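Here's a quick briefing to read with the model open beside you. Take a look at the fold first, then work through the points below.

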Amino acid sequence: NHDCPVPVNPRDYPDRFVDHQDSFVKLHRDKELRVCIGTLEPSDPLVTSISVNSFEDAFSDPRFSPVQFY
């Protein structure tokens with residue numbers, strides 16, 4: 001399903017992943033950087049931030065067509 005980020009339950013993760021932290025996710029294609037999206041302010045648990053930023057990188061960045069799987 002590519003309609004929303006992977007749902008995560010922060011209670012399923014160790015404390016270090018539940019703390020509110022900023023995160024950046026980078027996607028590479030053929031060893032070259034495709035896109036990097038992240039947050040500068042820690043507003044969500046780290047696992048949630050990673051899930052949301054990964055989704056945004058792969059499917060919502062207007063600079064690139066959505067990632068496709070073969």
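**The fold at a glance**

Of the contacts in this protein (heavy atoms within 4.5 Å) between residues at least 6 apart in sequence, 55% join residues at least 24 apart. Bear in mind that this is a predicted model, where local features need pLDDT of at least 70, side-chain atom pairs count only at pLDDT 80 or more, and totals for chains, interfaces and linings use all residues. Residues are numbered from 1 along each chain as its sequence is written, and side-chain values use heavy atoms, with hydrogens and water left out.

**Overall layout**

- The protein has two helices and two strands; these are DSSP runs, with helices being H or I of at least four residues and strands E of at least two, numbered from the N terminus.

**Surface and charge**

- Of the 70 residues, 23% are buried, meaning under 20% relative accessible area, while exposed is over 50% and partly exposed is in between (1.4 Å probe, protein chains only).
- The accessible surface is about 5,400 Å², and carbon and sulfur atoms account for 53% of that; areas come from the Shrake-Rupley method with a 1.4 Å probe, and for residues only the protein chains shown count as cover.
- There are 7 positive and 12 negative side chains, with the centres of the two sets 8 Å apart.
- Lys and Arg count as positive and Asp and Glu as negative, leaving out His and the chain ends; each charge is placed at NZ of Lys, CZ of Arg, CG of Asp or CD of Glu.

**Helix H2**

- H2 covers residues 46–60, and its 15 residues reach 20 Å from first C-alpha to last, close to the expected 21 Å; that expected span is 1.5 Å times one less than the number of residues.
- Its buried residues are Leu46, Val47, Ser49, Ser51, Asn53, Phe55, Asp57 and Ala58.
- What do the buried residues of H2 pack against? They pack against helix H1 (15–18), E1 and E2.

**The loop between the strands**

- Asp30 sits in the loop between strand E1 (24–29) and strand E2 (32–38), and Lys31 is found in the loop between E1 and E2 too.
- Phi is positive for both non-glycine residues: near 50° in Asp30 and near 70° in Lys31.
- Most residues other than glycine have a negative phi.
- Asp30 is exposed at 69% relative accessible area, and Lys31 is exposed at 83%.
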